[in-house]
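Q: I am new to this structure and would like to go through it piece by piece. Could we begin with the salt bridges?
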Amino acid sequence: MSDDGSFTYNGGRIDPGERQNLRFVVSETYLGDPVRIPVTIINGERPGPTAFLSAAAHGDELNGIEVVREVAHDWDLSALSGTLICLPVLNVPGFLAQQRYLPVYDRDLNRSFPGAADSTSAKRMAARIYTNFIEPCDFGLDFHTSTRGRTNMIHARADMGDSAVSRLARAYGTNVIIDSEGSSGMLRTEAVVDDVATITVEMGEAHRFQRALIDEALAGVRSVFAEYGMLEAESVRWPGWRTVITDQREKTWLRADAGGMVDMHFERGSLVHEGDTVCTITNPFKDDNVLIEAPFTGLLVGVLENPVVYPGNPLCHLVELDRRTRRVVEMEQSPSSGLH
């Protein structure tokens, strides 16, 4: 941000009280035509932090697109303090092809940040996005879904050892936060290195708009805006219970020990107890069932949606809860609670 409160990027400027929708050039096609990503920038009349909301770094992950679009175009942001940068589709080539990675050499845009102007096509694209719209921010939310064939309950992934990131993750208000630094080249990982507090929000599955998850994600955005004073009418939410999954708590992907068809006995977000049969793998004749049991009591953060597996394929993501949190979840999910 400049001293006069304006936000500038390569080719444009937005003054306080202004809004701009643009299609920003990040690359070129084989024919030399521009590849543009949609960007909406709202610069509030009042001073405040600069934040970004981004989605579809993986082109088939759609839930976050609707979250970012609704904030940018359906919310009343007339009283916004600070500047909001909305990036609903980072990976436009992947989005157009409805595939996870960039069609150009099948590269992962979310392993290409902060990018480099003289490197691969993916890193050049990442650099254009990063230097113009990520690096100038104070914090950001990057929305993702599970990969094709699996689904996640909504949760945050964050480097909780960083105090600014921890504040952001807690303000977002999910039940589950998975503590990790992230991999090199991830948008959130590289942004944190540059003192831009950033978390990943995981929600649902690819190739879907899932309304309940979108609404829950929007509530998290409102909570964050309240925490940082961007919308004064909002309040920071408490999700009822919270667990932060660190290396001190057990977490594992349960994997198939046999090929076949999967009958999943629990939904994402379910509490399962040690020894519970989480799913059953059967062959076409149903005469050699393989039972997959929970090795410890925990929460199913992610589960399989596509019911066919090879040996070694992931079936579900199980994380351990502390005793107090487990009791709260057991009460919440008990048939008599009316909350499940």
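Q: Which side chain meets Glu66 in a salt bridge?
A: The partner of Glu66 is Arg69, at 2.5 Å from N to O. A salt bridge here is a side-chain nitrogen of Lys or Arg within 4 Å of a carboxyl oxygen of Asp or Glu. This is a predicted model, in which local features need pLDDT of at least 70 and side-chain atom pairs count only at pLDDT 80 or more, while totals for chains, interfaces and linings use all residues. Residues are numbered from 1 along each chain as its sequence is written, and side-chain values use heavy atoms, with hydrogens and water left out.

Q: Where do Glu66 and Arg69 lie?
A: Both are in helix α1 (residues 63–73), three residues apart, which is about one turn of the helix. Helices (H or I, at least four residues) and strands (E, at least two) are DSSP runs numbered from the N terminus.

Q: Glu66, buried or exposed?
A: Glu66 is buried, with a relative accessible area of 12%, whereas Arg69 is partly exposed at 41%. Buried means under 20% relative accessible area, exposed over 50%, and partly exposed in between, using a 1.4 Å probe and protein chains only.

Q: How many salt bridges does the count come to?
A: The count comes to nine salt bridges. One of them joins Glu227 and Arg167, with the closest N and O atoms 2.8 Å apart. That pair links distant parts of the chain, since Glu227 is in helix α6 (residues 211–227) and Arg167 in helix α4 (residues 163–172), 60 residues apart. Glu227 is partly exposed at 29%, and Arg167 is partly exposed at 40%.

Q: Which residues are linked in a network of salt bridges?
A: Asp4, Arg13 and Asp15 are linked in such a network. Within it, the side chains of Arg13 and Asp15 meet at 2.8 Å, N to O. Arg13 has 42% relative accessibility and counts as partly exposed; Asp15, at 24%, is also partly exposed.

Q: Changing topic: how much space lies in the largest pocket?
A: The largest pocket holds about 600 Å³ of space. On a 1 Å grid over the protein atoms alone, a pocket is an open set of points with protein on both sides within 12 Å along at least five of seven lines, and a cavity is a set of points where a 1.4 Å probe fits but cannot get out; lining residues have an atom within 4 Å of a point. Grid points are joined across faces, edges and corners, and a volume is the space filled by probe spheres set on the points.

Q: Which residues are closest to the centre of that pocket?
A: Of the 28 lining residues, the closest to the centre are Arg111, Arg157, Met186, Arg188 and Glu202. Strand β8 gives the most to the lining, with three residues. The lining divides into three nonpolar, 14 polar and eleven charged residues. In this grouping, Ala, Val, Leu, Ile, Met, Phe, Trp, Tyr, Cys and Pro count as nonpolar, Asp, Glu, Lys and Arg as charged, and the others, Gly among them, as polar.

Q: And what lines the largest cavity?
A: Its lining consists of Ser27, Leu102, Val104, Ser121, Ala122 and Met125. Helix α3 (residues 121–134) gives the most, with three residues. The space inside is about 30 Å³.

Q: What does Phe133 touch?
A: Phe133 touches Phe7, Tyr9, Leu22, Phe24, Val39, Ile41, Phe52, Ile85 and Leu87, not counting residues up to four places away in sequence. Contact means heavy atoms within 4.5 Å. Phe133 is also among the residues that touch the most other members of the largest nonpolar core, which has 75 residues. A nonpolar core is a set of buried Ala, Val, Leu, Ile, Met, Phe, Trp, Tyr and Cys residues joined through side-chain atoms within 4.5 Å.

Q: One last topic, the backbone. Which peptide bond is cis?
A: The bond from Phe113 to Pro114 is cis, with omega near 0°. Pro114 is in the loop between α2 (92–97) and α3.

Q: What is the phi of Ala56?
A: Ala56 has a positive phi of about 55° although it is not a glycine. Ala56 is found in the loop between β5 (46–55) and α1, and at 0% relative accessibility it counts as buried.
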